[in-house]
Each structure stands twice: as structure tokens, then as C-alpha cells.
Amino acid sequence: MIPGHVSRRGFLEIAGIATAATAVGLVPSPRPAFAAALTKAQRDQMTPDDIIALMKKGNERFRLGQESPHDYLAQQRASASGQYPAAVILSCIDSRAPAETIMDLGIGDCFNARVAGNIANDDLIGSLEFACEVAGAKVVLVMGHTACGAIKGAIDQVKLGQLTGLLAKIRPAVEQTRYEGERSAKNYAFVDAVARTNVRLTVDEIRRRSAILAGLEAASRLKMAGAMYDLQTGVVDFLS
Ligand SMILES: [Zn+2]
């Protein structure tokens with residue numbers, strides 16, 4: 001076996017957690033380190049910045065084709081009696097943008113709320129509040145992606161059943177995107193610019209509409225961040 005594949009990478013890797021945890025007996029033995037899901041102690045040890053750094057590293061592994069050798073059955077068993085996810089991701093339903101896969105995360109590592117165009121509404125914000133205030137996640141990541149069909153639909157003002165109302169929630173991003181050039185759904189540069197604006201507006205909206213999450217962030221117990229996933233390159237670009 002390749003030495004680098006012995007320990008489970010992913011969230012257990014940060015700041016020598018796997019090593020430190022083993023030293024103080026937090027990783028159940030004799031179960032191999034890679035098999036375990038996050039424990040409360042391991043999650044609590046990480047800062048929001050640590051968690052974001054891990055997501056970036058996980059995306060790097062994904063891009064290099066060096067994903068962790070996930071033992072999903074072991075992760076399922078280890079997490080069945082309790083979960084201590086480090087983050088909650090709000091991302092699009094697009095089949096090509098599965099957050100856990102593109103950031104090389106395992107079972108129990110993160111909550112994932114998915115809705116077309118990664119918009120926020122009361123139900124989604126309630127889900128984020130559960131993830132952070134009740135279950136202890138420390139990062140809220142809103143992740144949009146390139147060539148997003150929902151963004152194109154919002155630009156074109158598509159009317160289709162219940163989708164109409166959803167796309168209306170993306171319209172402010174269309175209107176607030178400054179762009180010199182063709183402002184149409186056929187122009188992918190414009191579509192992606194709107195998707196970025198939409199991510200920023202969604203993060204702002206979550207802060208504005210959730211006193212709970214804004215309070216956690218003000219107390220430095222939580223970080224809210226935005227990111228864009230590029231379907232062509234596989235890069236998850238964290239917006240500053
Ligand atoms: Zn999409």
C-alpha cells in the first residue's frame with residue numbers, strides 16, 4: 001500500500017489531527033484511521049479556517065485524481081450512532097457538481113443542501129441553522145458553478161411551473177451583475193458572472209435573514225463563505 005494512503009485524508013488530516021488523536025486515544029482502535037468518521041472531539045478541534053483549508057485540499061486531490069481511499073461502509077458504521085459534520089454546503093442540484101465528491105469528503109463530513117441555483121429561502125436557511133446551531137457545523141459554504149442552467153433560466157426569465165418562482169429569486173443577481181458585453185444566457189462569461197453574484201447575494205441573504213448564523217459568525221464560531229465550481233477545470237474557487 002502507498003504510505004500516503006494509510007491514513008484517511010479529508011477532514012481527519014488537518015493540523016495533525018489523525019496523529020494527535022491517535023496519540024490521545026481518540027481514534028477507535030484497532031479500526032484503521034481512514035475508516036473512522038469525524039468524532040465530536042476531532043470536529044471541535046478544527047477552526048472554520050482549518051475546515052475551509054481542508055475543503056481546498058480535498059478539491060486539489062480530486063483534480064489530481066488522488067482521492068482518499070474511502071471505506072464508505074466503515075464510515076457509515078462509524079457515523080451511524082451520531083454525526084459531527086464540520087460544514088454545511090448549499091449548492092446546486094446540477095449532476096456535475098456533487099460537493100462531497102469534488103472536495104473528496106466522506107460520509108459524516110458535511111451536510112449538503114441542494115437546490116437549483118443554490119438560492120436561500122426560509123426552509124434552506126432553517127436547514128443551515130440546524131446544521132450549525134444544533135449539530136455544530138462551523139462553515140457555511142454557498143457553492144455555485146459555471147454553466148448553471150438555473151442561472152441561464154433566470155437570465156431568460158423562463159416560466160415553467162414552480163420553477164418560475166425559484167428563478168425569480170435569482171433575478172436580483174442578474175440585475176446586479178455589472179458586465180460589459182452581451183447580457184444573454186448564450187454568453188457563458190455573463191452566465192458565470194451572474195452565478196458569482198448569485199453566490200455573494202445568497203451569502204449576504206443568509207447573514208441578513210438568520211440572526212442565529214450571523215451571531216455564530218460574529219462570535220467567530222462560524223464562517224460563511226462563497227465558492228464557484230468550474231465544470232471545465234474541476235476547480236472550486238473560494239471567493240474572498
Ligand atoms: Zn446549477
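Good morning. I begin with the zinc ion, which is coordinated by Cys92 through SG, His145 through NE2 and Cys148 through SG, at 2.1 to 2.3 Å. Donors here are N, O and S atoms within 2.8 Å of the metal (3.2 Å for Na, K and Ca), and water is not among the atoms, so sites may look incomplete.

This is a predicted model, in which local features need pLDDT of at least 70 and side-chain atom pairs count only at pLDDT 80 or more, while totals for chains, interfaces and linings use all residues. Residues are numbered from 1 along each chain as its sequence is written, and side-chain values use heavy atoms, leaving out hydrogens and water.

The spacing of the zinc donors in sequence is C-x52-H-x2-C. Cys92, in the loop between β1 (87–91) and α5 (99–102), and His145, in strand β3 (residues 139–145), are 53 residues apart and link distant parts of the chain. Helices (H or I, at least four residues) and strands (E, at least two) are DSSP runs, numbered from the N terminus.

Are these two residues buried or exposed? Cys92 counts as buried because its relative accessibility is 5%, and His145 is buried at 1%. Buried means under 20% relative accessible area, exposed over 50%, and partly exposed in between (1.4 Å probe, protein chains only).

As for disulfides, the search of the whole structure finds 0; the criterion is a pair of cysteine sulfur atoms within 2.5 Å.

Finally, Ile151 touches Ile170, Val191, Val194, Ala195 and Asn198, not counting residues up to four places away in sequence. Contact means heavy atoms within 4.5 Å.
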